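Dear colleague,

I am passing this structure on to you, and I would be grateful if you could look through it before reading my notes. My findings are set out after it.

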Amino acid sequence: MIAGFGAIVARDLRLALRQGSDSLMVVTFFVLTVVLFPFGVGPEAGILERISAGVLWVTALLASMLSLDRLFQTDYEDGSLDLMTRGPAPLGVLVLGKVTAHWLTTGLPLLLAAPVLAVLLNMNAAGFGVLVLAFLIGTPTLSLIGAVGAALVLGARRGGVLLSLLVLPLYIPVLVFGVSAVDAAVMDLPVRAQLLILGGFLFAAAALCPWATAAALRQAVE
Amino acid sequence: MTDQAFDDAAEFAGRGLACIRGERIVFADLDFSLAPGEAILLLGPNGSGKSSLLRVMAGLLRPAAGALTWGGAPVAEDPEAHGGRSRYIGHHDAIKPVLTVRENVGFWSSLWSGDGSTATVQRALAAFGIAHLLDVPGRWLSAGQKRRVNLSRLLAAPAPLWLLDEPTTALDRATVAVVEGLIAEHRARGGMVVLSTHTDVALPGAKVLQMDDFTVPMDWAGLDAAEEALS
């Protein structure tokens, strides 16, 4: 079971490395969109500082969604998914492996880019540590929830649009507590509660989402 | 790849199987049984349900009625165990264009049997005469080579039951003979094979399942009459 998990993570990372474009596209989208905000709302440091946490989180949500529709699509088209759903490795474990690889190639680069962009938005330096921590706990949840959506829209035409309609509402709790944690840190308030709730979301998603994704994938290959 | 007999082989059977695709009954009331060492050849025109039956046998498609058993125990109770003891080769080759042949085959071999070593992959490829393609990326393979790489997974992760959906598509005559030889070897070790085909594949002593014997003719006249009565 552990071997199956390792094998699929290694394979997906290798695929991402050879194809290359996905991670770069996600990070570029993240950086470009954040950079647009100073142009849109004006260069007043006070306003940018006030909205920085929200801007970073919202753009991270959108960026992490960009690559979701490809999570299962190529495996679905070339028949690999048929073989994966049959076992003997439990499909839920394979899904968890694919989500892990997806997070490593898209969530992790976002996490690394976030503090740099925070400087650009003039965020108070007191918030940087918590921003990274909140991203570290929050972005895997986004990948897990996104996987359910990606599995549900398999085979649908214009799946990408449908996917965002399905997934974005489910991202709201992570957004609320992620932003709240960073805002609290900037104002020098305790952030423990928000981070614990984000952690709770992550564990709930890790328990439920692979199972729901597996069910949706079984339906898709039928 | 070992030459030992399969000790986990047991009678694989289906009773009263039916399959519905869309709103059409593809086949109904289909029984089969397959003992270790035996083979079933699925014959029938396009759309007669050969692929659907193989997908039902593979556990990819739930039968609308009936059940599969393995050594008397229902397959539906433990589908993952069934995945471990059977290999399914479908219409798609499941080969990633950016991975080399070694990585493509090695991944499935390690997923299915926990092996995945280069030596195993190399032996499997050699059986199909494509050992020289080991480090070639999938995108450079021809259709026939892809099919051979796909089939080599059967040997890289041995399992007693092979479910082959038109395995000889895109293969030249010489390779079809290789496949026939490997199937005979597999059966000699107690393995089982279900194979659908349009071309000639020699399976000595195989049971033949004519799929059109199980198709249910659609009662269009009756349907029209029923619709008229309703409107």
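This is a predicted model: local features need pLDDT of at least 70, side-chain atom pairs count only at pLDDT 80 or more; totals for chains, interfaces and linings use all residues.

Chain A

Chain A holds 9 helices and 0 strands, so that, read from the N terminus, its elements run α-α-α-α-α-α-α-α-α. The radius of gyration of chain A is 18 Å, close to the 17 Å that the globule rule gives for 222 residues, and chain A is therefore as compact as a globular protein of that length. Along the principal axes, its C-alpha trace spans about 55 × 35 × 30 Å. Of the 222 residues in chain A, 47% count as buried. Among the contacts in chain A with a separation of 6 or more, 81% are between residues 24 or more positions apart.

An unreviewed UniProt entry places the feature "transmembrane region" at residues 23–41, 89–114, 126–154, 161–182 and 194–217 of chain A. I looked at two of these spans in the model. Residues 126–154 of chain A are 86% helix and 0% strand, with end C-alpha atoms that lie 43 Å apart. Residues 194–217 of chain A are 100% helix and 0% strand, and there the end C-alpha atoms are 33 Å apart.

Where the chains touch

The two chains meet through 25 residues of chain B, which are in contact with 21 residues of chain A. On the chain B side, the elements that give two or more residues are α2 (79–85) and α3 (101–113) of chain B, and the largest share, 6 residues, comes from α3(B). By class, that side of chain B has 14 nonpolar, 7 polar and 4 charged residues.

Chain B

In chain B, 4 strands form an open sheet in the order β2-β1-β4-β5, with antiparallel pairing. The edge strands are β2 (24–34) and β5 (73–74) of chain B, each of which pairs on one side only. Strand β4 (residues 65–70) of chain B pairs with β5(B) in the antiparallel sense over 2 bridges, and B:Trp70 has B:Ala73 in β5(B) as its bridge partner.

Helix α1(B) lies across β1 (12–21), β2 and β4 of chain B, and runs at about 125° to β1(B). The buried residues of α1(B) are B:Lys50, B:Ser52, B:Leu53, B:Leu54, B:Arg55, B:Val56, B:Met57 and B:Ala58. Just after α1(B) comes B:Gly59, which takes a positive phi of about 85°.

A further pairing in chain B involves strand β6 (residues 86–89), which is joined by 4 bridges to strand β7 (residues 161–165), the two running parallel. Within that pair, B:Ile89 stands opposite B:Leu164 in β7(B). In a regular strand the side chains alternate between the two faces of the sheet.

With best wishes

Methods:
Residues are numbered from 1 along each chain as its sequence is written. Chains are lettered from A and ligands numbered from 1 in the order in which they are written. The radius of gyration is taken over C-alpha atoms; the globule rule is 2.2 Å times the number of residues to the power 0.38. A residue is buried if 20 or more other C-beta atoms lie within 10 Å of its own, exposed if 12 or fewer, and partly exposed in between; C-beta atoms are placed from the backbone. Two residues are in contact if their C-beta atoms, placed from the backbone, lie within 7 Å. Ala, Val, Leu, Ile, Met, Phe, Trp, Tyr, Cys and Pro count as nonpolar, Asp, Glu, Lys and Arg as charged, and the others, Gly among them, as polar. UniProt positions are given in the numbering used here, feature names are shortened, and annotations may be inferred rather than shown by experiment. Two strands pair if DSSP finds at least two bridges between them. Axes are lines fitted to C-alpha atoms, for helices over the stretch in contact, and angles run from 0 to 180 degrees between N-to-C directions.
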